[in-house]
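Subject: Structure for you to look at

Hello,

Here is the structure I said I would pass on.

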Amino acid sequence: MRAVVFSRYGDESVLKLTEQPIPAPGDGEILVRVRAAGVNPVDWKFREGAVGTDRPFPLGMGWDVAGTVVATTTADGPAAGDEVFGMLPLPYGGAYQEFAVLPTSAVALKPVGLSFAQAAAVPLAALTAWQSLDTAQVTAGQRVLVHAGAGGVGHFAVQLAKYRGAHVSATASPRNLDFLRRLGVDEPLDRTSDSLHTIAPVDVVIDTVGGRTQQESWPLLRPGGMLVTLPEPIDAAYRVPGITGRRVIVAPDGQALHHIGTLIDTGVVHVEVQDILPLEKAAEAQLISKTGQVRGKLVLGL
């Protein structure tokens, strides 16, 4: 099978399109013929060595998969021939290839209204948003601020927060403010201006950016609020008394994906795919991802 792997940490030039043996599913796993693979920032961070693993080189790439079940080792879950989408467990990449093995518990049936490319854009980003909102226990009437609301995780977070009944503010570049409005965001905020300082105190901040963004988020929260950060740990130097900080690291969850898929099929959640590139352009896709200028998701088609 064709597979993108890398044999040392480095820039996008270390990625190689190779021929590899088709993996065999173990107990509780399925083998999927991959039709599309999602591209996420964690992909290039893993390639650069920022995400540890106990597996030896060469290492596989990617965690988002959409495709057709070829074989299964269990009577529970999807059967051969079913169209599914799911997320491989971090940090074991293996989505940028023609066949992938996933735990049965990590997949759900593909939403009928989505193409394989659209479905591959969902798992890691939507689950990150879902688990972040769960961590913050977001409920109706709360005020939620999502940083980078037009990005992969962000565009799911704003929609899922609205679904929970929250009042949602979100930051984005000027070109994406109308996009945020179409997603239902109550207060689209130009990240290049000082508009953050004009909003009322919020109950929850979902920080998908990190660094200075995390630091500047603490004063935006009301007493008793929560800052959820995704790309890095909480920086204790900027903590504010009376406000909780939590880091969320996404985990596969087929049951949650089923719920998300239902919301997609009923029109509650929109999936934004900026571009679909062929597998041989995986390095280009990661380079684009690293710019931080992607609206929604990038996908590799197989």
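A helix here is a DSSP run of H or I with at least four residues, a strand is a run of E with at least two, and both are numbered from the N terminus. Please keep in mind that this is a predicted model.

Rolling a probe the size of a water molecule over the atoms shows where empty space is left.

Largest pocket

The largest pocket holds about 1400 Å³ of space. Its lining is made up of 50 residues, and those nearest the centre are P41, A148, T208, V209 and P231. Which elements each supply at least two residues of this lining? They are the helices α1 (41-48), α3 (123-136), α4 (152-163), α6 (212-217) and α8 (282-290), together with the strands β10 (167-172) and β16 (297-301). The top contributor is α1, with four residues. Sorted by class, the lining has 22 nonpolar, 18 polar and ten charged residues.

Second largest pocket

For the second largest pocket, the volume is about 510 Å³. There are 24 residues in its lining, with R55, G60, G93, G94 and Q97 nearest the centre. Three strands, β1 (2-6), β4 (59-60) and β7 (99-103), each supply at least two lining residues. Of the elements, β7 gives the most, with three residues. By class, this lining has 16 nonpolar residues, six polar and two charged.

Regards

Definitions and conventions:
Residues are numbered from 1 along each chain as its sequence is written. This is a predicted model: local features need pLDDT of at least 70, side-chain atom pairs count only at pLDDT 80 or more; totals for chains, interfaces and linings use all residues. Side-chain values use heavy atoms; hydrogens and water are left out. On a 1 Å grid over the protein atoms alone, a cavity is a set of points where a 1.4 Å probe fits but cannot get out, and a pocket is an open set with protein on both sides within 12 Å along at least five of seven lines; lining residues have an atom within 4 Å of a point. Grid points are joined across faces, edges and corners, and a volume is the space filled by probe spheres set on the points. Ala, Val, Leu, Ile, Met, Phe, Trp, Tyr, Cys and Pro count as nonpolar, Asp, Glu, Lys and Arg as charged, and the others, Gly among them, as polar.
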